[in-house]
Amino acid sequence: MFATGGSTIIFGLAIQSLLAYTLLPEGRGSFALCVVFAGVLSILFTPGAREGAKYFAMTKQAIVSECVGGALMICLVGGALAVALAVPFVHSDIAFFHKAETRSFYLALALVPVMAFSGAMEYQLAGLRRFGVLALFTLVHVAVNILVLLVLIWVGRLGVDGAVVAVIGAHGCTVVLCAWYLRRHHGLVPINPFRAVSARIVGYGLRFHPAGIGGALEMSAGVLILGLFASAAEIGLFATASALVFRLRIISDAVGNALLPRIAGSGRPELTTLCLRVVSCGTVAAILAILLISTPLVRILFSDAFLPTVPLLWIMAPGVLAYACAGILGTYFKGIGRPGICSWAVSLGLAVNLIAIPAFYPALGVSAAAWGLTLGMICRLVLLAAAFARATRMRWFSIWLPRLGDAVSFWRASRTVLGHRSLSQQNL
């Protein structure tokens, strides 16, 4: 997962670079508003579609067809409700909806159910521990995204509209690939999505839903709040900076995806803390590498127009580390069936973020969004760490202190991965 994530980063940076050079800061800001708007709606109106369906598949309380059918029902109903409620806002006098064309926001509304169901299908593969397949489909997703971008933006000159359509195409491709694989290898068949399992999926999802909403808003709060009073160019600068630095979350995401099926129903706090320490060290190393070359990196990838993003990267760096660590601790609570703790932690971080941005903006400008994000992530991590220490009765010192066994475990895991890769190459 991590190796493929590295390849995904390369494709992702190519996408961000293409957006930066073709849309410039102002267009990049308009695109960010549309996609963030769709992303928040896709999480807000689909409780259980991702985490709930994944949990029931992992714990074998439902078959794959039931989980996918339930997720599809939630995405269709929730997506339709989201679109119906959002249309009046698109035509309102709210400043947020005047920083992009109306047709771009309508395209973003079409993205809502597709994005929601695409995420649900990816979560199914992760819950079934099909990490290699998920990694391959992720690469196809970003490859389709960049190919459609090249056609619609670089050749067709469709601007923000073309960029949104490219995102829709990439998510649609993911849905088709995941459905094909689940049908072929896990017996996915059409099923009545209104069976009782859907109610249970929604029930689990509702317990985690505040965390899902908070997580979506926490990552998007800067763009959303800046959309109310900042210029489109400022929004574009912040969105570009966060898109670059939060690529490093692949370390935490890859480890967390592999960890969750192994601790579901049992916990295994020692394994969780091992993953926490490895993720912390890896994320710190990656952050330092990016910061040391941040100025030439931004100049090459995004052009001189985006150089004001460099200070934002330094401000957000501690927030990225806090996010990575909180992701592992949150995985533990999801695995033991206590997602409510994640909801409280994310809600705290989001509240800090939402308060800090408008409070700091008059004095700091767009940097306020970076500070708000970092402070929110740190508060989220502190609450999760305190809850983890209390639940496991482990001392704070033992949770974070690196051990010799960590290096040994990492070395063995690396040898196992390389061994599988060599064997695969021999078979080919």
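Reader: What makes up the secondary structure of the chain?

Author: The secondary structure of this predicted model comes to 16 helices and 0 strands. Helices (H or I, at least four residues) and strands (E, at least two) are DSSP runs, numbered from the N terminus. Residues are numbered from 1 along each chain as its sequence is written, side-chain values use heavy atoms, and hydrogens and water are left out. Local features need pLDDT of at least 70 and side-chain atom pairs count only at pLDDT 80 or more, while totals for chains, interfaces and linings use all residues.

Reader: Why is Thr283 called buried?

Author: Buried means under 20% relative accessible area, exposed over 50%, and partly exposed in between (1.4 Å probe, protein chains only). Thr283 has a relative accessible area of 0%, so it counts as buried. Thr283 lies in helix H10 (residues 269-292). Across the chain, buried residues make up 54% of the 428 residues.

Reader: What does Thr283 touch, leaving out residues up to four places away in sequence?

Author: Contact means heavy atoms within 4.5 Å. On that basis Thr283 touches Ile251, Val320, Leu321 and Ala324. Among contacts in the chain between residues at least 6 apart in sequence, 83% join residues at least 24 apart.

Reader: What makes the approach of Thr283 to the backbone oxygen of Val279 a polar contact?

Author: A polar contact is a pair of N or O atoms within 3.5 Å; within protein, one must be able to donate a hydrogen and the other to accept it, and residues adjacent in sequence count only if both atoms are side-chain atoms. A polar atom of the Thr283 side chain lies 2.7 Å from the backbone oxygen of Val279, so the pair falls within the limit.

Reader: Which backbone oxygen does the side chain of Thr309 reach?

Author: The side chain of Thr309 reaches the backbone oxygen of Phe306 at 2.7 Å. Thr309 lies in helix H12 and has a relative accessible area of 2%, so it is buried. Beyond its neighbours within four places in sequence, Thr309 is in contact with Leu237, Ala241 and Val298.

Reader: How do you know whether His141 is buried or exposed?

Author: Its relative accessible area is 12%, which means that His141 is buried. His141 lies in helix H5 (residues 131-155), and its side chain reaches the backbone oxygen of Ala170 at 3.2 Å. With neighbours within four places in sequence left aside, His141 is in contact with Ala170, His171 and Thr174.

Reader: Why is the phi of Leu24 worth a remark?

Author: Most residues other than glycine have a negative phi. Leu24, in helix H1 (residues 2-44), has a positive phi near 60 degrees and is not a glycine. At 46% relative accessibility, Leu24 counts as partly exposed. Ser303 also has a positive phi, of about 90 degrees, although it is not a glycine. Ser303 lies in the loop between helix H11 (294-302) and helix H12 (309-335), and at 14% relative accessibility it counts as buried.

Reader: What makes a set of residues a nonpolar core, and how many residues has the largest?

Author: A nonpolar core is a set of buried Ala, Val, Leu, Ile, Met, Phe, Trp, Tyr and Cys residues joined through side-chain atoms within 4.5 Å. The largest has 100 residues, and those with the most contacts inside it are Phe37 and Met316. H12 gives the most to this core, with 16 residues. A second, separate core of 32 residues includes Phe56, Ala57, Cys67 and Val68.

Reader: By class, which residues line the second largest pocket?

Author: The lining has 16 nonpolar, no polar and no charged residues. Ala, Val, Leu, Ile, Met, Phe, Trp, Tyr, Cys and Pro count as nonpolar, Asp, Glu, Lys and Arg as charged, and the others, Gly among them, as polar.
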